Amino acid sequence: MPGFIDCHVHGGYGVDFETGTIEGYEKFAKLVAQEGITKYCQGSVTNSQENNKKYMEAFKTFMSNQKPESAICMGAHLEGPFISPARKGAHELELLRKPNVPDMKELIELSDDNIRVVTYANDLQDGTFTKFLLEKNIIPSMGHTDCTYDEALRDYELGAKHCTHLFNAMSGVDHRAPGLATLVLNKSDFLAEVISDGIHLPKPILELIYKTKTAKQICIITDAMNAKGLPDGEYRLGNLPVIKTGMRVALKESGLLAGAGATFDHNVRTFHETIGMSLVELA
Ligand SMILES: [Zn+2]
């Protein structure tokens, strides 16, 4: 197998990127290699602009001095705050903001151009934000959105062809009200992030995704949070208390899934066992 690439992860091994230190980022980069990961994007969760600015400044320093014996961080994946209140998942409602260029510009500058992917609710902007990301060579990733098919199609036609954890935090395939999921399945050049931990997507849905997208247009992700690789128990996702049980991580209060606790090799194995494809194709 070639090295795995996780373009959507929020932490692990006790490290929370959002509140982490440079030492924490280095610890993660070193330990995550045991999952077979050689490259990854460091995620963020919804936070205030002030906290995101602090995060990006620490991140910039880390990026300029990565350790050769560790997995390589390719840049940041900003997931939030530019997402929809209607599909916020475990993100904090009060901190959500509409996708907007001035906030984004500020974060790009503070990160020293190290933002690679941005998850955003495409229905809460008019295409301007999508175009801005593309101009900046950042991958626009539609997700955490309640958009209709046509709204998603507009941004797809502008060049947005990446989808954040397909089926999670968006409408499903409704034959009377098609949305983002239907567009992603319909378009052969749309790359779908898939959390194949056996928890976020049931087997028939993984099969459906594989049949329509084929292996080439699927990227397995972990979406893991800081408790990945740690024993079961209570942890925090941002300000929210969560419970980790096996590979499952859920909000303590509501029981809603809150990020994930599975390692990348587990997700690869689960995908393989579910689909029964050849190892060559899987690779
Ligand atoms: Zn995430």
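1. A quick term before the tour: two strands pair if DSSP finds at least two bridges between them. Helices (H or I, at least four residues) and strands (E, at least two) are DSSP runs, numbered from the N terminus.

2. Keep in mind that this is a predicted model, where local features need pLDDT of at least 70, side-chain atom pairs count only at pLDDT 80 or more, and totals for chains, interfaces and linings use all residues. Residues are numbered from 1 along each chain as its sequence is written, and side-chain values use heavy atoms, leaving out hydrogens and water.

3. Start with the open sheet: eight strands with parallel pairing, in the order β1-β4-β5-β6-β7-β8-β9-β10. β1 (4-9) and β10 (218-220) are at the edges with a single partner strand each, so one side of each has no neighbour in the sheet.

4. Inside that order, β4 (residues 37-44) and β5 (residues 72-79) run parallel and are joined by six bridges. Look for Lys39, which sits opposite Ile72 in β5.

5. Next, β12 (residues 240-245) runs antiparallel to β13 (residues 248-251), with four bridges between them. Ile243 faces Ala250 across the pair, standing opposite it in β13. The two strands make a hairpin with two residues between them, and Gly246 in the turn has a positive phi of about 60°.

6. Finally, the helices: α2 (residues 49-63) packs against α3 (residues 101-110) at about 25°, axes 8 Å apart. That makes α2 roughly parallel to α3 (angles under 35 degrees count as such). Met56 and Lys60 are among the α2 residues meeting α3, whose side includes Leu107 and Leu110.

Note on methods. Axes are lines fitted to C-alpha atoms, for helices over the stretch in contact, and angles run from 0 to 180 degrees between N-to-C directions. Angles under 35 degrees count as roughly parallel, over 145 as roughly antiparallel, 65 to 115 as roughly perpendicular and the rest as oblique. Contact means heavy atoms within 4.5 Å.
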